[in-house]
Amino acid sequence: MKAHRNHANYWAFALHRLSGVALLFFLPAHFYVLGLAVEQAATLDMFLSWTEAPLVKLLETGLVILLAAHMTGGLRVLAIEFLAWRDWQKSVVAITGGLSVAAGLLFLLNAG
Amino acid sequence: MSSETITVEIWRGKEEGEFQTYQVPRMESQTVLDIVTYVQRNLDPGLSYRFACRVGVCGSCAMTVNGKPRWTCRTHIDKVAGDGTLRIQPLRNLPVIRDLAVDMTDFFEKWTQAKAQFVPTATRADDFAQVSPDDPQRKEASAGIECINCGVCYSACDTVAWLGDYLGPAALNRAWTLHNDVRDGGRAERLKAISGSGGCQACHSHQSCFELCPKHLNPTASIAGLKRATVKAALKGEI
């Protein structure tokens, strides 16, 4: 991270952008797997049993965190653009980060 | 302290060039501008840089110091050179004339494009406008009017770097202060000027301008205000 970018709000922007790009790659795969239910039920079942593996659950947790980070980051941007300005922007970044990690932990707790 | 020296790397050249290294004696309460001035007066008379007031008023002496744009006359070495080295470059996002001096033409041209000048509505026959300091609009304007046009925000802004015609934080901040000036008569035209390509909606709210503004102004907040104002004006069919 270049020196002029090394502050909380820029990190929040970078996370929002990177999570968006990551989800761009995830979503087509996600819809492809859902599409298997129509004509390849056996393949889908095989895939679903694979997702029960602990390592996959861990990767899924990462996905949940990315999703939550992208959603809370998007709400943060909407708040900046459409609500009256608040001076506690860094706190907002901390809250979005906290909520994202909490969503991931909640998923992990229910993964077993 | 004066027996110690600091290693200083200074950019020499235009867009193409190289860093030259100098050893400069440390002094108490030494600023980055003091360092540059020492180099020019004692080590390398050919060094080009720009300054005027030396006390944080004129906005002439901004440079990139260890990767961050700063007003050099009020940036103490103790604050920015913790490891004892200093790298000084011209401001980013502006063409380099030579060494540390940049061409500010684009920066000020964009103020004109943003119609960031006061449009009077009163005549000599009118009495003074009565504006209460407690008026919410006046508070919005007052929060942004201390800009010294140093270009630090413009240099810090990645949107300026990515999108060449983006008006930039300083011009838009000025537009916002005028938008909140009840005496001004140019709001509709100004909102049109700052709502197109390269206007306020292009801002990504990185907030580097706010982070690095030496006057602690908040151009991101001003731009967010303009975004809301342009949306409202668009919904009303005014722009």
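Predicted model: local features only at pLDDT ≥ 70, side-chain atom pairs only at ≥ 80, totals over all residues.
Q: Where do I start with chain A? How many helices and strands does it have?

A: Begin with the secondary structure. Chain A has 4 helices and 0 strands. Along the sequence the pattern reads α-α-α-α.

Q: Is chain A compact or spread out?

A: Compare its radius of gyration with what a rule for globules gives. For 112 residues the globule rule gives 13 Å, but chain A has 17 Å, so chain A is more spread out than a compact globule. Along its principal axes, the C-alpha trace covers about 55 × 30 × 25 Å.

Q: What share of the residues in chain A is buried?

A: To judge burial, count the neighbours around each residue. A residue is buried if 20 or more other C-beta atoms lie within 10 Å of its own. In chain A, buried residues make up 18% of the 112.

Q: What part of the contacts in chain A joins residues 24 or more positions apart?

A: Look at sequence separation. Take the contacts in chain A with a separation of 6 or more: 81% of them join residues 24 or more positions apart.

Q: Which domains does chain B have?

A: Check the domain bounds. The assignment for chain B gives domain 1 as 5-102 and domain 2 as 105-235. Their C-alpha centres lie 29 Å apart.

Q: How many residues does each domain of chain B put into the contact between them?

A: Treat this like the chain contact. Domain 1 of chain B supplies 15 residues, and domain 2 of chain B supplies 15. On the domain 1 side, strand S3 (62-65) and S4 of chain B each bring at least two residues. S4(B) gives the most there, with 4 residues.

Q: And what classes of residue are on that side of domain 1?

A: Sort again. The side of domain 1 of chain B that touches domain 2 has 7 nonpolar, 4 polar and 4 charged residues.

How values were computed:
Residues numbered from 1 in each chain as written. Chains lettered and ligands numbered in written order. Rg over C-alpha atoms; globule rule 2.2 N^0.38 Å. Buried ≥ 20, exposed ≤ 12 C-beta atoms within 10 Å, placed from the backbone. Contact = placed C-beta atoms within 7 Å. Domains from an automatic or database assignment. Nonpolar A, V, L, I, M, F, W, Y, C, P; charged D, E, K, R; others polar.
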